[in-house]
Amino acid sequence: MKKRLLSGIQPSGTIHIGNYFGAIKQFVDLQEKYDSYVFIADLHALTTVQNKKILSQNILNIAMDYIACGLDPEKVCLFKQSDLTEVAEVAWYFNCITTMPFLERATAYKDANQKAKEINVGLFDYPLLMAADILVQDADIVPVGQDQKQHIEYARDTAQKFNNIFGETFKMPEALIMKEVAIVPGLDGRKMSKSYGNTIPLFGTDEEIKKAVMSVVTDSKTPDEPKDPDTCNIFLIHKLFLSDSEVKNLREKYENGGLGYKALKDMLYEDIIKYISPMRTKRQEFENNKEKVLKILEDGALKAKANIKDKIKLIRSNIGLDLK
Ligand code: ATP
Ligand code: MG
């Protein structure tokens, strides 16, 4: 039997090349090898997106993005988180066995707090909703970027705690993080994030992609000066789109000097467009066929729901809620 893979992306904005290389590409590469479940984390997105029109459009967009990137609905169960209301139920059970200080240690929470944002309870509780997503599906592996590593640890700790209190219920999931793409840098050198506004949108227009590429932050070296590829954001992004031999060539161009940042950005732009061109074509097919996308999500929800039926029964029974 194949092991089970599960992962998701929040419809909190427009997906970017960090989401693609850090997450979606892994889902695509692994879809044959694993029994795969990939979802749209719309309940999670509600912690930041609170506008009906924007949220629903973002959800639809991510569904199309997934398919355009190469996820095959025949092989992967694609669904939206909110169609599995049981996940929110299980997150509640987890709330009741988790202490506040344990959640206060979450890096994402600490970051948000530091920015003196007012944190909503949903954001604080993010790791437990994610633990519920993973644990109800008996996921073996969860491919994610480095930023999600701690959240997988939360899921493991929560599974263990629940099992200790209520008896064996959940299996231990493992994170799968690809070293080379663990943290794709954004235009400003921080992690590329939808919420930081430092992204190169994967399915942006030519103009949007060009504008983003041209605003990658660099130092002020002149064209003639040699450049250190390993500290240059342009190179660190560019290498994702290239084969090993192409990366080697490009590295030499940086180290030899003679090319300015404008020229290096132009080369990056060209290679992005070349890379995404077939995915764009595929996405267009679905843009004109919303019904087809909705049907895929509907079928996915049915399958994902059927999959967790016994687990939900077991959870309720182990807690003491099932009186039969
Ligand atoms: P937000 O800013 O709303 O948190 P995000 O851009 O961080 O959005 P998520 O939906 O939180 O995207 O994450 C989806 C997946 O993409 C996760 O597996 C996450 O680890 C991965 N990911 C996000 N940004 C990057 C990045 N810069 N490099 C590698 N992986 C990333
Ligand atoms: Mg994130």
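Modeller: The discussion below goes from the whole chain to its open spaces, and then to single residues. Please keep in mind that this is a predicted model.

Colleague: Let us begin with the overall fold. How many helices and strands are there in the protein chain?

Modeller: The protein chain holds 14 helices and five strands. Its radius of gyration is 21 Å, close to the 20 Å that the globule rule gives for 324 residues, so the chain is as compact as a globular protein of that length. Along the principal axes, the C-alpha atoms fill a box of roughly 75 × 45 × 40 Å.

Colleague: What share of the residues of the protein chain count as buried?

Modeller: Of the 324 residues, 48% count as buried.

Colleague: How should I read a strand?

Modeller: In a regular strand the side chains alternate between the two faces of the sheet. Here, strand β2 (residues 35–40) pairs with β3 in the parallel sense, over five bridges. Within this pairing, Y37 stands opposite C77 in β3.

Colleague: Is strand β3 mostly covered or mostly exposed?

Modeller: Strand β3 (residues 76–80) is mostly covered, with four of its five residues buried.

Colleague: How does one look for empty space?

Modeller: Rolling a probe the size of a water molecule over the atoms shows where empty space is left. In this model, the largest pocket has about 1,300 Å³ of space. Its lining comprises 50 residues, and Q10, Y126, D147, Q148 and K191 lie nearest the centre. Two or more lining residues come from each of β1 (4–9), α1 (17–30), α6, α8, β4 and α9 (149–166).

Colleague: How many cavities of 30 Å³ or more are found in the whole structure?

Modeller: The search finds two. The largest cavity has a volume of about 40 Å³, and the residues that line it include L6, F39, F79 and D133.

Colleague: What of the second largest cavity?

Modeller: The second largest cavity has a volume of about 30 Å³. Among its lining residues are A106, Y109, F124, Y126 and H151. At least two lining residues come from each of α6 (107–114), α7 (121–124) and α8. This lining has seven nonpolar residues, one polar and no charged.

Colleague: Let us turn to single residues. Is D65 buried or exposed?

Modeller: D65, in helix α3 (residues 52–68), has a relative accessible area of 5%; it is buried because that value is under the 20% cut-off. Apart from neighbours within four places in sequence, D65 is in contact with I15, F203 and R283.

Colleague: How should I read a backbone angle such as phi?

Modeller: Most residues other than glycine have a negative phi. In D138, however, phi is near 55°, a positive value in a residue other than glycine. D138 is found in the loop between α8 (126–136) and β4 (141–143).

Colleague: Why does D138 count as partly exposed?

Modeller: D138 counts as partly exposed because its relative accessibility is 23%, a value between the 20% and 50% cut-offs.

Note on methods. Residues are numbered from 1 along each chain as its sequence is written. Chains are lettered from A and ligands numbered from 1 in the order in which they are written. This is a predicted model: local features need pLDDT of at least 70, side-chain atom pairs count only at pLDDT 80 or more; totals for chains, interfaces and linings use all residues. Side-chain values use heavy atoms; hydrogens and water are left out. Buried means under 20% relative accessible area, exposed over 50%, partly exposed in between (1.4 Å probe, protein chains only). Contact means heavy atoms within 4.5 Å. On a 1 Å grid over the protein atoms alone, a cavity is a set of points where a 1.4 Å probe fits but cannot get out, and a pocket is an open set with protein on both sides within 12 Å along at least five of seven lines; lining residues have an atom within 4 Å of a point. Grid points are joined across faces, edges and corners, and a volume is the space filled by probe spheres set on the points. Ala, Val, Leu, Ile, Met, Phe, Trp, Tyr, Cys and Pro count as nonpolar, Asp, Glu, Lys and Arg as charged, and the others, Gly among them, as polar. Two strands pair if DSSP finds at least two bridges between them. The radius of gyration is taken over C-alpha atoms; the globule rule is 2.2 Å times the number of residues to the power 0.38.
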